Amino acid sequence: MSVRVVVGLQWGDEGKGKVVDWLAEEADLVVRYQGGANAGHTVQVGGETYVFHLIPSGILHSAKVCVIGNGTVVDPETLVREIEDLERRGVRVRGRLHVSHAAHMVLPVHRAVDHLWESSPGAPRIGTTGRGIGPTYADKAARVGIRMGDLLDARELESKLRVLLARHAGTFAERGEAPPVLATLLEACGRYRECLGPLVADTASIVNAAIDRGQLVLLEGAQGTLLDVDHGTYPYVTSSSPVAGAAGGGSGIGPTRITEVIGVAKAYTTRVGEGPFPTEISGPEGEALQKAGNEFGATTGRPRRCGWLDLVALRRAAMINHVSEVIVTKLDVLAGLPEVRVCVEYQTPAGTGGFPMEPHLLERCEPVYRTFEGWRETQPHAEDRSLPPQASRFLAFVASEIGAPIRRVSAGVGRQDMIPIG
Ligand code: IMP
């Protein structure tokens, strides 16, 4: 029995989709445990590019079963589109994808409220993806949310939708905006029911039964540790918990069933949206990295802010998730640079220190860098599959700083570019 969590160790966009696609090869079941269509995973297989927002990328392996767990928030409009697109391209989804009855639905009202909150005078602008994530999790916590299971009972659904709309009526009125119309929502839910109703299931039982049978289960997080609502750079975070500790709760299994935590970190750092970012590189150097790494959001198309690898933040993320191993991605993007920098500690007004708990303190941290000689190639040498010595030295240093082994790196977009090392 093996239950692996795949978790992002930075501000999201670490390349988890590709790692999950690769690890899914030997898994039986892949579960997405949090987040919603704010995530965007890009996977390239056989010359085809697939972008996933909700469905685990394991769906591309025809024998796998995939689950969208209770910890996620599901935009049914996006999910229907994703299913139809995959089926059009010959990937069978129905019968292989189960959606938790307890996953909350992101409705158009949530997307509208997300925009109103973001443009609300006096409130901090987070730079959300605009996908309605915050308002949906807020409604879940306030116990007025609509769950996937509610789709199955039209009468219950209508009374719950009335409560939901009443809750948000004030927000629309205050801003002089027209509120959403119940009849339109009901009509949309009718369409969602037709397509998604048969997929709604008690997914906790499905996942536990798979583990009982000794199957290999992969739990896939979205976003990253530094965007976690508790452990990230609050308030510049998402509204759910990507960390490994939340994987059990978000999929309905007990924590002692998890056997491995695989952290994913990019060889440099990126961030989308607002919030502190100590190792950010501004100007042409940052733009060059953005271009080399194609650092544009898979969900919103927004350019990602780019910077050097931050080991202070990474050490903290490795601790919070207690990673068993780390996979470093996008190593190829750094190839060709004369030198590669890595932040080893922060200089603060009070001296050097670790990752501060408050974003305004992080704002004032000055990174202290260690510089490594660059390398030209990232493909391993054919005869012994070893990486260039400079890249190996860089990775060995990162592993020793994190306190976890790096056994695989990703150095390109294809499945064949996952390279075992060591
Ligand atoms: P929200 O999750 O849309 O509410 O956005 C909150 C913050 O998380 C914003 O800074 C977003 O840019 C960021 N964010 C959300 N999802 C992702 C992701 O998949 N990758 C990177 N950043 C994300």
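Into which domains is the chain divided?

**View 1. Division of the predicted chain into domains.** The chain consists of domain 1 (2–100 + 200–262), domain 2 (104–196) and domain 3 (265–420), with bounds from an automatic or database domain assignment. This is a predicted model, in which local features need pLDDT of at least 70 and side-chain atom pairs count only at pLDDT 80 or more, whereas totals for chains, interfaces and linings use all residues. Residues are numbered from 1 along each chain as its sequence is written, and side-chain values use heavy atoms, with hydrogens and water left out.

**View 2. Contact between domain 1 and domain 2.** The centres of domain 1 and domain 2, taken over C-alpha atoms, are 23 Å apart. Domain 1 contributes 26 residues to the contact and domain 2 contributes 21 residues (contact: heavy atoms within 4.5 Å). About 2,000 Å² is buried between domain 1 and domain 2, and carbon and sulfur atoms give 64% of this area (buried area: the accessible area, with a 1.4 Å probe, that two parts lose on being put together, summed over both). Of the area that domain 1 buries against domain 2, V73, P76 and V200 supply 29%, more than any other three residues.

**View 3. Salt bridges between domain 1 and domain 2.** Two salt bridges are counted between domain 1 and domain 2 (a side-chain nitrogen of Lys or Arg within 4 Å of a carboxyl oxygen of Asp or Glu). E77 forms a salt bridge with R191, with the closest N and O atoms 3.4 Å apart.

View 4. For C195, the nearest cysteine sulfur is that of C189, 13 Å away; for C365, that of C343 is the nearest, 8.8 Å away.

Terms used:
Disulfide = S-S within 2.5 Å.
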